[in-house]
Structures are given as C-alpha cells and as structure tokens.
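Here's a quick briefing on a protein–DNA model. Have a look at the structure first, then read on for the contacts and the salt bridges.

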Number of protein chains: 2
Amino acid sequence: MGHPKGQETHHSRILDALLQKIVSGAWPPGFQLDRETDLAAQFCVSRMTMNKVLTQLAQDGYVVRRRRSGTFVAKARTQSAVMAINNVADEVAALGRRHRWRLDAREVRKLGAADLRLLGVRRASVPEDALSLSGVHFADDEPFCFEMRAINLHVVPGAQGVGFDREVPGSWLLQTMPWSTARNSVRAVNVHGRDAGRLDLPDGTACLEILRKTEIGGDWVTYARLLYPGEAFQLTAEFEPKAAQDGAAPETGG
Amino acid sequence: MGHPKGQETHHSRILDALLQKIVSGAWPPGFQLDRETDLAAQFCVSRMTMNKVLTQLAQDGYVVRRRRSGTFVAKARTQSAVMAINNVADEVAALGRRHRWRLDAREVRKLGAADLRLLGVRRASVPEDALSLSGVHFADDEPFCFEMRAINLHVVPGAQGVGFDREVPGSWLLQTMPWSTARNSVRAVNVHGRDAGRLDLPDGTACLEILRKTEIGGDWVTYARLLYPGEAFQLTAEFEPKAAQDGAAPETGG
DNA sequence: TAGTGGTCTAGACCACTCC
DNA sequence: GAGTGGTCTAGACCACTAG
C-alpha cells in the first residue's frame, strides 16, 4: 500500500483508502462499492479522478466493474508471482560474486533431433541454421550454471560474427533483441555423466533445469537449457494477491 | 499487442501504434519521443488522453519519463515473469487429473527449531502457537506433492476448528485469508529417507522444493514446504520484456 | 527560470446491460 | 428505457529539474 515516492496525490490517497478497506476485509469479496459518482463526491474529487482510481483497482484485480451493475470487490482469486530474471551474469552479480563465462563449444549447424529433445523443443520448428553454444558460468571460480543454447541465425544473423568467448550469450541477446518474449519451464533433475562433470558435481546430484524459449514476432530466437546446482541456487518470487481475470462473479451474496 | 475485447478507443489505437514503434526497433532504447503535447496533436487527441497512454507505457516499463527532459524508450531491461500459482488442488485439476488429499498429521504445538529449519524460517519469528499439518496430494492416485505446513493460530484462529482431512489447507487458507502475500523460493533437492517414502520415490531422486511464507499485515500466516517429484512436475512461466525500474538511464546517445 | 511531465476538473457523449 | 461505467476534452495549475 506504500507509494514509493512523490507526495500525496488525491489519486494515491483514495487508492490507499479503498485498498485498505479491501485487504482488511471490511469490504469482503463480492461487496458492492458505491457508484463512481458517489465515491467521487465522498472523496471530494472529480469523477475523472475517481474513475482513474477504480480503473487501476480493476486492472490490479482487486475489483470487478460492470456497466449498469456497479463495482464489486473481486471474488475468485489466484496468486500471481512476479519473478524478475535477467541473465546468469546479472544473477551472479546480484549475489555479490564475480562472474566468469567459459565458452566450451561453438559451431554453426542445423539442429538435430537430439539437440531438440535436450532443449525441450516439441514440434519440429523447422530446424533452421543455428549457432550452437555451450559453456559454463562461474561465480568466484565456482561452477554456477551450465548453459547450452541454440541461436536462430535467420532471426539474429549478427550472432554469427560474435565469438561468445568474451560476450555472454544471454546478455548479448538481451541487448541485441530487445522486447523478445520468453517461455521458461523449471524442473528438478538428477544430473549424470557429462552434465555432472560440467558442474563438478557428484553423479545424481539434484539440479534445477530451466528450459527457455525466446521468441519475437512469432519466430524463435533462441532455445536455452540452463542447469544450476540445486543447493547453490534458488529462484525466489514475490507473490501478490490478484483476482482471477475470468470467473469473478460479482454476486453480492458472497 | 492485441486488446482482448472492446472496440477501438483512441487510447488503444495510440498505445498499439507507439508499442509497435518500440518493439519493432524503429524507436530503439534511448530514443526520445516527442513531447506529450506534440504527440497529442499528431494523434488528434487531447493531452489527457495522450498522457494516459504514455503513463501506461511508463508503468509497463516500455518508456521512462522525466520532467523537463522528456520521454524515452527504456534502456535497462530485465525479463519479468508472471507466474500464476493457485494451490496444489488447482494445479492438479489444471493438468486434467483427479486431485485427492490425504492428511497424515495434525497437531497444535509451538514450532521447534527443527520445524523452523525445515520450513526455511531464518529469524526466530516468535514461534507462536501453530497448527502443524502434513499430508500428500495425489493426482490420479499417484503421489504428486508432499506438503508440510504450519498455520499461525493467532492470525487464523479459525483453523483450529477445521479438520483438514477433507479441506485442503492451501485452498482453505486462500479462501479464508484473502489478499495475503507470499514469498516463494524454489530449489532442487535430493530426497532421502522419509521424504522419499512419502512420495514413493527412490532414495536420492531430484525434487522441486518450494518454501512458501505467507503474510498479511506484517504477521506470518503460514509457512509451507512443498515437495514435488522433479520429473513429474514443472513450473512454467511466461516472460515478457520489461524495463528495469531503476538504472534506466534515458541518455539519447546510448 | 523556462519547459517538461503530473495532476485535476467540470462537463459531455457514448456503450453496454439489467430491468 | 434508464442507469452504470468507458471514454474524451479543453483548460488549468503545480512540481520538478535541466540548463
């Protein structure tokens, strides 16, 4: 409920007041708020200002608004986690440790079935010419993450001219392809053989495996497989209450 | 860039137009937009409408706005994942499988040091009277998740009257304590002994361990430890580009 | 100190939907 | 048909900050 900086505006004052009613339970899920014009009068502001507040509450999922019926405290809820993920270099830096990247392999080729399986690709997304990379990220000279990656050279032709022995692939791509979207999946795996050796771990150690597919404009940009020693790394996420977008029946009955 | 429903408003039309310039790279990071009044004139709308659009772009992290200097396409970026997490019962249902909950233990007691360590509690947050629960979630009669949980009876006294042999703790809490916030951390662990047995897994199997602390108004509501067989479960998250909140230096040179 | 964004207003018209 | 939210305007004053 805190507003980071800037002085009190009507907007923030009213937002806090309404939010307090909602999260405290004084206005339970399903509760009908007064109409926009009445609330505006109660708080001595114009309807535009009150509308801005209520619109924001609706966007944040705290209330549901329906023409002709009114504004209701949201009912169906879910937990929504916002997890900031930069890239491995930034993760290491954020831990206050020194990051180093060691490139182990770099070649241009078409992706084979084995590559696709490892990278978690399901449909054969037309195995284009790809730059295939693998290497290890170190934190204070300790293996922190094994990375294998394919970069679509049809989408990012510039990658062919980059050595990636100094440039970290993830950081380079983030700068080169702004506004790309990614889909990640996270699971736990027992590492064996070469994967274990790459991270200097005993056979069978639990690791977090992140499979990441990055897209832009419908084309895949890069597939990445990141392997973190389970004990040394953890994802954290802040969860905030959020109303479900659908199924939020605004019945007053509760 | 699509707007789910509702007809074209000036707002959405302009938002799409500006967003297209940004994500397409026509306006690269650091690019200075025209001033609010000029953009309003160019799009033939009032300054208020244009302000609303630019404010939203700024809130979404696509641009950075500074008084007296202007509006700039954001530079420093990070990937921000929005991960919707309900509770185990919903997760199982979402997979199209039948959920069953088996309560294994239920007792009221103060939390000991061992409990706190297991639940990932660092500071001794005043071990209040707690309802301690543990049990297993099944998906189609297959162990899906082992859960151990402590509920703060000072914050949720009503929990004492609930058996939790039929009620699933997570679902019950979500309904009972709306608008609580949670902090999750995810890591991979090798399960041994009792933990392995609870999930019917061989010793040493990699599992995802989620430690969840739920708070409301500064008090802890519940600590939970959720253990998922690594192979059978994966977290997925959609990532969208987002500008970093700080450090977004609006230099035009960049 | 001048120029930019930040906020607010009073009023208006429109779209949707429950009755 | 009537009442609710959705959107938009023209104008105004204020706050911040780069120059």
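A polar contact here is a pair of N or O atoms within 3.5 Å; within protein, one must be able to donate a hydrogen and the other to accept it, and residues adjacent in sequence count only if both atoms are side-chain atoms. With that in hand, a backbone N or O atom of B:H10 sits 2.4 Å from a phosphate oxygen of DNA strand D. This is a predicted model, where local features need pLDDT of at least 70, side-chain atom pairs count only at pLDDT 80 or more, and totals for chains, interfaces and linings use all residues. Residues are numbered from 1 along each chain as its sequence is written, chains are lettered from A and ligands numbered from 1 in the order in which they are written, and side-chain values use heavy atoms, leaving out hydrogens and water.

**Around DNA strand D**
- There are 23 residues around DNA strand D, counted as near if a heavy atom lies within 4 Å of it.
- A:R35, A:R47, A:R68, B:H10 and B:T49 come nearest.
- For A:R67, a side-chain N or O atom is 2.7 Å from a sugar or linking oxygen of DNA strand D.

**Salt bridges**
- Over all chains, the structure holds 34 salt bridges (a side-chain nitrogen of Lys or Arg within 4 Å of a carboxyl oxygen of Asp or Glu).
- B:E36 pairs with B:R65 in one of them, with the closest N and O atoms 2.7 Å apart.
- A salt-bridge network links A:R187, A:D195, A:R198, A:E209 and A:R225.
- Within it, A:D195 and A:R198 meet at 3.0 Å, N to O.
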